[in-house]
Amino acid sequence: MPVGTQGTIKGLATDQLEEIGCQIILGNTYHLALRPTSELIDEMGGVHKFMNWPRALLTDSGGFQMVSLLHLADITEEGVTFQSPVDGKPCS
């Protein structure tokens, strides 16, 4: 399962992944929200269209970042809000 953390697989085009039989790509919710941004992904019609990927996608919950980036996180009963390491703006 290739990892497309920010919606891309480095070194291979999606048609090449299909040719070698790849059935699923792993993405990272936290990183997708930061870059390319959830707004851009929405504008493009979702992650599948953004990546030009017709097969399955698996994204994590971003829970690891809640722990690994604790210094950037504000954790409440309602959820977690991060301070973006890219531009310092809040993101949730």
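These are my notebook entries on a few spots I looked up in this structure.

**Before starting.** I'm working from a predicted model.

**Entry 1: T14.** I began with T14, which sits in helix 1, residues 14-19. Is T14 buried or exposed? I found a relative accessible area of 17%. The cut-off for buried is under 20%, so T14 counts as buried. Next I looked up its contacts. Leaving out residues up to four places away in sequence, I noted that T14 touches M51, N52 and W53. With N52 there is also a polar contact: the T14 side chain reaches the backbone oxygen of N52 at 3.2 Å.

**Entry 2: the salt bridge.** How many salt bridges does the structure hold? I found one. It joins the side chains of R55 and E18, at 4.0 Å from N to O. E18 belongs to helix 1 and R55 to the loop between helix 3 and strand 2, so the pair ties together parts that are 37 residues apart in sequence. I also checked how accessible the two partners are. R55 comes out at 25% relative accessibility, which makes it partly exposed. E18, with a relative accessible area of 29%, is partly exposed too.

**Entry 3: helix 2.** Then I turned to helix 2, residues 29-44. I compared its span with that of a straight helix of 16 residues, which would be 22 Å at 1.5 Å a residue. Helix 2 spans only 16 Å between its end C-alpha atoms. Where does helix 2 bend? I located a bend of about 80° at P36.

P36 turned up again in my list of buried residues in helix 2, along with Y30, L32, L34 and I41. What covers these buried residues? I wrote down helix 3 (47-51), strand 2 (56-59), helix 4 (63-68), strand 4 (79-83) and strand 5 (90-91) as included in the cover.

I looked at both ends of the helix as well. At the start, a side-chain oxygen of N28 comes within 3.0 Å of the backbone nitrogen of Y30. Just after helix 2, I found G45 with a positive phi of about 100°.

Entry 4: Last, I traced an open sheet of three strands in the order 3-4-5, with antiparallel pairing. Strand 3 (73-76) and strand 5 are at the edges with a single partner strand each, so one side of each has no neighbour in the sheet. Strands 3 and 4 run antiparallel and are joined by four bridges. Across from I75 I found V80, in strand 4.

Key. Residues numbered from 1 in each chain as written. Predicted model: local features only at pLDDT ≥ 70, side-chain atom pairs only at ≥ 80, totals over all residues. Heavy atoms only, no water. Helix = DSSP H or I, 4+ residues; strand = E, 2+ residues; numbered from the N terminus. Buried < 20%, exposed > 50% of the residue type's maximum accessible area, 1.4 Å probe, protein only. Polar contact = N/O pair within 3.5 Å; in protein donor to acceptor, adjacent residues only side chain to side chain. Contact = heavy atoms within 4.5 Å. Expected span 1.5 Å × (residues − 1). Bend = angle between axes of the 7 residues up to and from the residue. Pairing = 2+ DSSP bridges.
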